[in-house]
Amino acid sequence: MWLKDTNASERRVLTAAFAGYGVDAFDYMIYTFMISTLAIVWGLSKTEAGNIATAALITSAIGGWAAGVLADRFGRVRVLQLTVAWFSVFTVLSGFTNSYEQLLFTRAMQGFGFGGEWSVGSVLIAESIQARYRGKAVGLVQSSWAVGWACAAIAYWAVFAFVEPELAWRILFWMGALPAVIIFYIRRKVQDPQVYTDTKARMLERGETGNFLEIFSRPLIVRTMLASLLATGMQGGYYAVTTWLPTYLKTERNLSVLNTSSYLLVLILGSFIGYLTSAWLSDRIGRRKGFILFGVCAGVLVSSYMLIPINDTAMLFLGFPLGFFLSGVFSGMGAFLSELFPSRVRGSAQGFCYNFGRAVGAICPALVGYLSGSLTLGVAIGVMAVGAYTLVVIAALLLPETAGRELEADETASDLKTAAAPAAAAS
């Protein structure tokens, strides 16, 4: 087991990042379970529910880049604490809301912290863990999304079983106060990585403060663009499929298993194992091959849903590979983005690329709806999924392989030009 070869400091960082991203997932996903209740209690419409979800995604994209920029300037650990505190506070405040407008505001504000936590946590892990285990470590942290999702589902079922719906949904939001424990742990146990502190010391010696716009400079612009497209393909495919596939299978295939707890747990289990498997493969076969493998499999799998006959029993089992490939494709992303960029702009670059993909990818569900006006819903989903995962494959082929790369404290302009040459030549 690779974890046995990590030291105490590395394990503390892993614990903090895993817990942080897990509660991030809990706080974000708990809203999805409450929509039907709020529709009854408040008369919340589907449009209003969708607006709340979209607002959180938009602000998370902004918050992700902003947190990355702040992490480069003020430190990984300090900004990680800020993001956890931010989304915790606004999740708790969501439990005190009494109208659509109030909840729209608190969930939008929560999104800033939600997007920032991943950006900063993944950089912290990548810079703290040995190069040979970096993919597994970042993928392990990514898998905590499935854990947080499962905890949200279990909490929902438990609280609603004993408390009236009018109060139950508020209690679930108030549980967002629990991450405060993680902040105390981070403050006591986790320090900024040596590569970051060394870089800041060298910059201080030269009188430099850093500039987040460097990711758009000539040595870095090619990889910034390609990495952003890679993230766009991953998230566009994920959002399009997870938003519309249940509707397609219910309305056009007349399946009922999608509403069951059994299907949800199978889907979550598939996601969790997909994260871990992809993380292991990203170190074993390389980042690019891992993205291509999972991207191709995800595109083929989604397309097959539109072509083969499926009944409720088959769909229950197919929930596992669906979660496996759609979630697993993300595992190598945190390590890959960290390895593509120098330490002084690593947070800025990671925050921008991943959240550019989130912002553009969030448009894909709307595009499916638009295409379904002239195509069948199944064909529209298939076209969008194949297009998104084809983008993943193309971007992965054009970017350089980085698995096993040691993260240095600083890099000269000539180093950047040399590293950028494979991507520039391929493009």
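**Salt bridges and a nonpolar surface patch**

R287 forms a salt bridge with E339, the closest N and O atoms being 2.6 Å apart. A salt bridge is taken here as a side-chain nitrogen of Lys or Arg within 4 Å of a carboxyl oxygen of Asp or Glu. The R287–E339 pair links distant parts of the chain, 52 residues apart: R287 sits in helix α11 (residues 287-307) and E339 in helix α13 (residues 333-340). Helices are DSSP runs of H or I with at least four residues, numbered from the N terminus. The model is predicted: local features need pLDDT of at least 70, side-chain atom pairs count only at pLDDT 80 or more, and totals for chains, interfaces and linings use all residues. Residues are numbered from 1 along each chain as its sequence is written, and side-chain values use heavy atoms, with hydrogens and water left out.

R287 counts as buried because its relative accessibility is 1%. E339 is also buried, with a relative accessible area of 0%. Buried means under 20% relative accessible area, exposed means over 50%, and partly exposed lies in between (1.4 Å probe, protein chains only). Both residues belong to a network of salt bridges that also links R134, K136 and D283. In total, the structure holds 8 salt bridges.

R76 takes part in two of the contacts described here. Its side chain meets that of D72 in a salt bridge, at 2.6 Å from N to O. R76 and D72 are both buried. E127 also forms a salt bridge with R76, with the closest N and O atoms 2.9 Å apart. E127 lies in helix α4 (residues 100-128) and R76 in helix α3, so this pair ties together parts that are 51 residues apart in sequence. E127 counts as buried because its relative accessibility is 9%. For R76 the value is 0%, so R76 counts as buried.

The surface carries a nonpolar patch formed by L70, F74, L82 and W86. Together these residues have about 350 Å² of accessible area. Areas come from the Shrake-Rupley method with a 1.4 Å probe; for residues, only the protein chains shown count as cover. Patches are made of residues with over 30% relative accessible area and no salt bridge; like charges are joined within 9 Å, and nonpolar side chains (Val, Leu, Ile, Met, Phe, Trp, Tyr) within 5 Å. The elements giving two or more residues to the patch are α2 (46-74) and α3 (76-94). L82 lies in helix α3. L82 counts as partly exposed because its relative accessibility is 43%.
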